[in-house]
Amino acid sequence: MDMLLEALASLLTFESVITVLVGVSAGLFIGAMPGLTATMALAVLLPFTFSMEALQGLMALGGVYMGSIYGGAFTAILINTPGTPSSIATTFDGYPMARQGRAYEAIAAATIASVAGGIVGVIFLLVLAPPLARWAVAFGPSEMFWVAMLGLTLVASLSSDSLLKGLLGGCIGILLSTIGVSPVGGESRFIFGYPPLQGGIELIVALIGLFVIPELLTMAAEGRGALPGQTELRKKEVSILSIVRHIFGKPINLIRSCLIGQIIAIIPGAGGNVTSLVAYNEARRFSRDPRSFGKGNVDGVVASESSNNVMVAGSMVPLLTLGIPGAPPDAIILGVLLMHGLRPGLDLFTESGVLTNGFILSMGMAALLLLPVGLLGGRLIHRVVIRTPYYFLVPSIAMVTILGTFALRNSLLDVGIMLILGTAGYFLRLIGIQPAPIVLGLILGGIAEEGYVQTLMAAVVDPIPWLRLLHNPLSMVLAGMVVLGAATTLVPLWLARKGLLDRVEEDDGRSP
Amino acid sequence: MILRLNTDIAAGTVGLVFAAVLWLPREEIGRLSIIFPRAILVLLCLIAVALIVKGVIRPGGRQVEITGSPRRLFTVIAGFFLWWGLVQVLGFLVTTLIAFFALTWYLARVETRVTWQRLLRWMPVILGLVIVFYLTFKEVLNVRLPTGLLF
């Protein structure tokens with residue numbers, strides 16, 4: 001509690017508020033651009049936090065994350081194009097509302113739902129993370145190996161159409177993590193006689209490459225022009241107070257969506273798009289008037305936007321406790337934590353408790369700041385986004401990624417690795433190997449290797465050493481969960497049966 | 001552009017090629033350092049073979065689509081690598097200015113004819129953007145950006 005109060009005190013300074021405000025605005029700006037995801041927003045803006053203190057940098061990135069997820073709603077509502085994948089379900093009712101001249105109502109509802117969702121996510125994170133971190137201390141090497149495998153299996157099964165391709169991507173990521181000096185044996189591996197590779201592949205370099213470069217290449221190849229500005233953000237006869245009354249007067253939709261958001265957020269790899277689709281579907285199922293969904297029902301916007309903003313803080317539960325990112329943008333946050341010498345686990349809530357709590361609370365502040373930034377600055381941001389031609393956007397983002405990658409270790413080799421991984425990532429995506437499992441393999445490779453090698457070292461006298469990986473009930477449970485996790489490939493099939501995936505594909509097809 | 005390609009077999013082949021790249025030139029590495037990568041390499045090969053078998057029996061996808069212009073795609077890829085390569089020779093500032101102008105000109109041609117007058121109108125915007133980022137990283141963030149013939 002003392003740490004929480006201390007963290008709160010460090011947060012309530014002019015400098016902190018400005019940092020979060022700038023982060024939210026920048027995130028909102030990038031998130032509002034179709035094709036630019038929250039991961040991309042974090043990757044592009046990351047270099048600007050290098051010179052900041054650990055807490056200030058994390059606060060800025062927390063604000064960027066929150067702002068970019070919310071920013072996706074703007075284009076989803078105004079031009080039927082989700083700014084980020086998390087806003088897919090927002091288009092279902094947001095755009096029909098905009099066409100009916102209720103764009104402002106939809107934006108205001110999305111804003112209020114995002115604020116509520118963001119705050120609920122922060123509360124969940126504050127409540128769930130510390131006990132889970134204490135529990136994680138009981139994990140030995142074999143358990144950590146299975147935890148890494150579990151994260152990888154879930155991401156592999158959820159982020160790819162094919163489990164095998166997801167696992168293949170995960171293995172490629174793990175092998176990329178083994179390039180350089182071995183954490184256990186201390187020898188150089190897979191450096192092909194080129195000493196600069198001893199430093200290995202920096203996580204953030206891979207993240208920028210795999211998530212940003214393929215998007216830039218797609219934009220360049222498609223020659224996407226400036227977006228049509230046919231929908232104006234007009235304020236019609238509707239007051240904020242009436243929208244607040246509508247959302248909080250019957251809060252069951254909001255509560256259900258937040259709970260769904262939190263539960264899915266804890267599953268690594270599920271991400272905001274799954275969260276918002278499931279929450280939207282449940283809102284429609286439980287509604288008294290399900291037929292009005294898809295035709296401009298404000299509850300659809302509330303369900304989608306509240307659940308995807310719960311995910312921002314909620315997905316950090318596995319990240320801060322076990323080091324497993326709940327969603328791709330969390331991987332960037334993990335990179336920043338590691339850059340500042342902070343390792344996920346109990347230490348984050350004890351030794352670095354003030355910093356961790358400060359970061360969590362700053363996300364709450366970011367959620368609150370969505371209200372003024374979204375409602376007051378939204379119109380300006382929308383206008384800028386609509387008018388920025390893509391031929392300025394592509395070189396600008398490329399310049400920032402090159403600068404950011406170089407600045408990490410003052411290494412041009414890193415820039416080359418980033419470009420090679422990004423180009424490879426583009427073509428791998430074409431054949432169904434998504435970047436998320438590769439990145440998670442890269443993150444979890446180290447954890448898995450330490451767990452695996454330490455377990456086998458302890459089992460050197462056993463007749464079958466690898467059976468030591470299953471020597472206690474907890475390991476067996478985790479191994480069982482790995483198998484169960486693979487079964488989550490059934491989730492997309494379930495969504496397809498409900499007819500939701502068809503709608504997503506339709507929307508993707510319409511994207512310019 | 002749509003290419004006829006069995007994506008399962010392609011993914012499996014990529015896995016096997018990647019495994020071979022790491023496996024074949026293996027230096028003398030101690031047991032503790034190689035035990036884990038070796039296990040993952042074996043796993044990767046098994047998954048890759050399973051994908052190839054699946055691709056033969058029941059293929060998941062039979063075509064891939066490069067949306068937009070493949071020519072523009074490969075030109076931009078080449079442009080990015082050229083940008084990277086020239087940074088060491090010309091320095092960050094000069095290379096980025098050239099690359100930014102070239103990319104903007106090339107991509108803008110998709111929508112409209114780019115005249116010299118238009119390029120001149122863009123000049124202050126591009127110069128401003130590049131110089132602001134250059135100075136921010138060099139002076140504020142204290143990053144030692146590569147220098148070349150001029151800067």
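Before counting anything between chains, I had to settle what "in contact" means: two residues qualify if their C-beta atoms, placed from the backbone, lie within 7 Å. I'm also keeping in mind that this is a predicted model.

**Entry: where the chains touch.** With that cut-off, I get 60 residues of chain B in contact with 54 residues of chain A. Next I asked which elements of chain B give two or more residues to that side. I found helices H1 (7–23), H2 (31–57), H3 (70–90), H4 (92–108) and H5 (116–140) of chain B. H2(B) supplies the largest share, with 14 residues. Sorting chain B's side by class, I get 43 nonpolar, 13 polar and four charged residues.

**Entry: a helix pair inside chain A.** I then turned to helix H3 (residues 38–45) and helix H9 (residues 203–222) of chain A, which pack at an angle of about 115° with their axes 9 Å apart. Their crossing, H3(A) over H9(A), is left-handed. Which residues meet there? From H3(A) I noted A:Thr39, A:Met40, A:Ala43 and A:Val44, and from H9(A) A:Leu207, A:Ile208, A:Phe211, A:Val212 and A:Glu215. By class, this contact has seven nonpolar, one polar and one charged residues.

**Entry: how confident is the predictor?** Chain B has a mean pLDDT of 88, and 97% of its residues reach 70 or more. Within chain B, confidence is lowest in strand S2 (residues 63–65), at a mean of 82, and highest in H3(B), at 93. For the complex, I wrote down an ipTM of 0.94 and a pTM of 0.77.

Key:
Residues numbered from 1 in each chain as written. Chains lettered and ligands numbered in written order. Predicted model: local features only at pLDDT ≥ 70, side-chain atom pairs only at ≥ 80, totals over all residues. Helix = DSSP H or I, 4+ residues; strand = E, 2+ residues; numbered from the N terminus. Nonpolar A, V, L, I, M, F, W, Y, C, P; charged D, E, K, R; others polar. Axes fitted to C-alpha atoms, helices over the stretch in contact; angles between N-to-C directions. Left-handed = near helix turned anticlockwise from the far one by under 90°. pLDDT = per-residue confidence, 0-100.
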